[in-house]
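Here are my notes for a colleague who is opening this entry for the first time. Please read them with the structure in view.

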Amino acid sequence: MGAGQSVKTIYGKIGASVQAFFFEYETPRVITMKSRRIGVLYRLVQLALLIYLIGYVFVYSKSYQRFDVADSSVVTKVKGILQRDMPNGAPAEIWDSNDFVVPAQESDAFFVATNLIFTENQGQGLCPEDRNVGRRGIHCSNDTDCPAGTPTPYGNGVRTGRCVLPNGTCEISGWCPTEIDYTPKKPVLYGFDTVTILVKNHVNFRNFGVKRLVCSIFSPTEWNDKQTDRQTDRQTDRQPENRLCKRSIGGWL
């Protein structure tokens, strides 16, 4: 067979294939089997596939959706001004958030002091030990009961070696007068209606390239109203103000 005949044979096969593609039609042969057992088995398989696709893939797994784990960090900041009345008609003492938020940073929480135990005119000096911190090493009848240079157990300072009579306690060197350890009947600080709490939530979805900074601002009035609404009528429950943070919100950021 020559080279010319080989080329003609190849072109002939290509032409026949193109002609068959455009001008011929193929259809599969369908066989109908009249068998109850095979028919029921076929429909059960179809039903199982349908339940799997709808129930598991779409409803339970939601495979048609894309999911991402959010990277989030929450920052809280408390601002406000509190006051404390001073004795002898002196001007009120001003407390800001640096004073009444103790500690300044806390894991997953913040603490706002609403009351305090305050000892007037306290400073370094010599004074009798507090009788209420214990008896051992504190109560005395003479100077030999108060060895000098040793701290008082559970006390407030170091013993000087002198027994203070008629108080009946050892003299100490420390913060004097000793702390008045009783809780005031009413809060010493007031002005909590001016305190606001800013909650900043930084959210990042890496797979979608989406970043959000959401702010919630709470005030005591709104929070009290919210708690009251929850107790009386859940349908009137008001949510705190949520918004996307701007570069500056009243000097917060």
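Notes on the fold

1. Thr178 lies in the loop between β6 and β7. Thr178 is buried, because its relative accessible area is 14%; buried means under 20% relative accessible area, exposed over 50%, and partly exposed in between (1.4 Å probe, protein chains only). Leaving aside neighbours within four places in sequence, Thr178 is in contact with Thr119, Gln122, Cys127, Pro128, Glu129, Asp130, Asn156 and Ile172. Contact means heavy atoms within 4.5 Å. Thr178 and Cys127 are 51 residues apart along the chain, yet their C-alpha atoms are separated by 7.7 Å.

2. A word on the source. This is a predicted model, where local features need pLDDT of at least 70, side-chain atom pairs count only at pLDDT 80 or more, and totals for chains, interfaces and linings use all residues. Residues are numbered from 1 along each chain as its sequence is written, and side-chain values use heavy atoms, with hydrogens and water left out.

3. Next, the overall make-up. The protein has four helices and 10 strands. Helices (H or I, at least four residues) and strands (E, at least two) are DSSP runs, numbered from the N terminus. Along the sequence the pattern reads α-α-β-β-β-α-β-β-β-β-β-β-α-β.

4. Of the 253 residues in the protein, 20% are buried. The protein exposes about 19800 Å², and carbon and sulfur atoms supply 56% of that area. Accessible areas come from the Shrake-Rupley method with a 1.4 Å probe; for residues, only the protein chains shown count as cover. Take the contacts between residues at least 6 apart in sequence: 58% of them join residues at least 24 apart.

5. Which strands make up the sheet that holds β6? It is an open sheet of three strands in the order β4-β6-β5, with antiparallel pairing. β4 (123-128) and β5 (157-164) stand at the edges with a single partner strand each, so one side of each has no neighbour in the sheet. From one strand to the next, the twist averages 25°. Axes here are lines fitted to C-alpha atoms, for helices over the stretch in contact, and angles run from 0 to 180 degrees between N-to-C directions.

6. Now the pairings of β6 (residues 169-176). Two strands pair if DSSP finds at least two bridges between them. β4 and β6 share six bridges, and Gly123 has Cys176 in β6 as its bridge partner. Five bridges join β5 to β6 in the antiparallel sense. Here Arg159 is partnered by Ile172 of β6. Four residues lie between the strands of the β5 and β6 hairpin, where Gly168 takes a positive phi near 75°.

7. Another open sheet has three strands in the order β3-β2-β7, paired antiparallel. The edges are β3 (93-96) and β7 (189-190); each has a single partner strand, so one side of each is left without a neighbour in the sheet. β2 (residues 81-84) and β7 pair over two bridges. Gln83 stands opposite Tyr190 in β7.

8. Beyond its neighbours within four places in sequence, Arg84 is in contact with Ala92, Glu93, Trp95, Leu116, Phe118, Glu120, Val188, Leu189 and Tyr190.
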